[in-house]
Amino acid sequence: MNQKLTMGVLGLGEGRSIISAVLNSRYWELGNICDLNEALCQERCQEFHFDKYTTSYEEMLADENIDVIGIYTPDQLHAEHIKMALEAGKHVICTKPLMVSLDQANELLRIQERTKKLVFVGQSSRYFEPMRRQRKDFEQGKNGDLLTLEAHYISDSRWFLERAWSRKAGFSWMYNFMIHAVDLAAWYLPEIEEVYGIGSVSENTRVYGLEVPDTMKFLLKDSSGRFASVTGVYAAPTLGSAVQQNISCTLRGTKGISQAGYPKLKYYTNFEPLQKTAELQTFDDLHDYYFRFEQENHHAGEYQNYIEYFAECLQKGKKPLPDLREGIHTLAVMEAMERSLQTQNVARVPDVLRDYKL
Ligand SMILES: NC(=O)c1ccc[n+]([C@@H]2O[C@H](COP(=O)([O-])OP(=O)(O)OC[C@H]3O[C@@H](n4cnc5c(N)ncnc54)[C@H](O)[C@@H]3O)[C@@H](O)[C@H]2O)c1
């Protein structure tokens, strides 16, 4: 690319990862960083030897040098912040979840159509090394025809509820956490039509004043009858990632099986000619690329992968995916999942799309 893209980063908690990604990329430049918390702005400036910040989103949007806004604010604010960026003539990279409901989906689609700017959803788990390899093998046909897949995101994430916004309306374990597993399932089965699930709220979530399911299992079925199982458990002890990966995706096909996981960067495959035991690929040499900060729960390599994918798409005139439409479809699957929990019955994604006129 002849000219670098310039990013403005909004929200400097998880935004730390994208700052690191931008500063380490030959495709990107950092235009500005923004947070309402001025002390955090200063902390990030010091950490990254950057000499500019603002506490006003409007001020950052008014900067004509900025091409793309990276949004890492609380879930409930994403829709509004995307809207403001599009209206200011910026492309958008927004972390998951794209929104906390489909109420503003149509409005955003209309604004995007009018402004002709891109909205890319930063579904980071697609961009870990094992998940990237798994996708490549799948696209090369090594799994054969996909029969079924199992995805899970299991973590004891009670620590996340220390954030004030995570105890407010609009936060849910499903939209903030389980979306990683749902997105992986929908990536391989893009035409999910029916969902059925069971969920419960434990005391461990209730003590935070929240009444959102923290323990959930779903079956998702597509139009051709293929199905996925998706599991999420967020407020209970786990075995630890050495025993069970936090995020895992297993693809079972007619010719082979593959399993990709995070945070231990491990990729198991058994493709034809089949072996008794799966082959394991590890990516120890990439550990420090993915995990740049003090612990494995804060990471940046996959962010670097997705901003570079975004830049390469722009260079080739391709649309970076998941885009606004794909992100909205995943939210429609999750709304159907919520309906299934409420009715204890099968819920249909086309009904959700019809109800929101999507
Ligand atoms: N793997 C992933 O993809 C991943 C991981 C962690 C968090 N996230 C997402 O990142 C987002 C932020 O999570 P977090 O853990 O950093 O939360 P956080 O509370 O630590 O950070 C949010 C920041 O946004 C700032 N903010 C709020 N409103 C603002 C406004 N109007 N203008 C400027 N700044 C504003 C806050 O001051 C705060 O510093 C969430 O949507 C979360 O789902 C994604």
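Predicted model: local features only at pLDDT ≥ 70, side-chain atom pairs only at ≥ 80, totals over all residues.

Reply: Residues are numbered from 1 along each chain as its sequence is written, and side-chain values use heavy atoms, leaving out hydrogens and water.

Me: Why is serine 125 called buried?

Reply: Buried means under 20% relative accessible area, exposed over 50%, and partly exposed in between, with a 1.4 Å probe and protein chains only. Serine 125 has a relative accessible area of 1%, so the residue is buried. Its place is the loop between β5 (119-122) and α6; helices (H or I, at least four residues) and strands (E, at least two) are DSSP runs, numbered from the N terminus.

Me: Which residues are in contact with serine 125, leaving aside its neighbours within four places in sequence?

Reply: Contact means heavy atoms within 4.5 Å. With those neighbours set aside, serine 125 is in contact with Met131, His180, Leu184 and Ile247.

Me: What makes α5 and α11 roughly antiparallel?

Reply: Axes are lines fitted to C-alpha atoms, for helices over the stretch in contact, and angles run from 0 to 180 degrees between N-to-C directions. Angles under 35 degrees count as roughly parallel, over 145 as roughly antiparallel, 65 to 115 as roughly perpendicular and the rest as oblique. The axes of α5 (residues 105-115) and α11 (residues 324-343) cross at roughly 175 degrees and come within 11 Å. The two helices are therefore roughly antiparallel to each other. Ala105, Leu108, Leu109 and Gln112 of α5 meet Leu324, Arg325 and Ile328 of α11 in this contact.

Me: Why are β13 and β14 said to stand at the edges of the sheet?

Reply: Two strands pair if DSSP finds at least two bridges between them. The open sheet has 9 strands in the order β13-β12-β11-β10-β6-β9-β8-β7-β14, with mixed pairing. β13 (279-282) and β14 (347-348) each have a single partner strand, so one side of each is left without a neighbour in the sheet. For β13, the pairing with β12 (residues 266-271) is antiparallel and runs over 4 bridges.

Me: How do you know that the protein chain agrees with a compact globule?

Reply: The radius of gyration is taken over C-alpha atoms, and the globule rule is 2.2 Å times the number of residues to the power 0.38. For 358 residues a compact globule would have a radius of gyration near 21 Å; the protein chain has 20 Å, which agrees.
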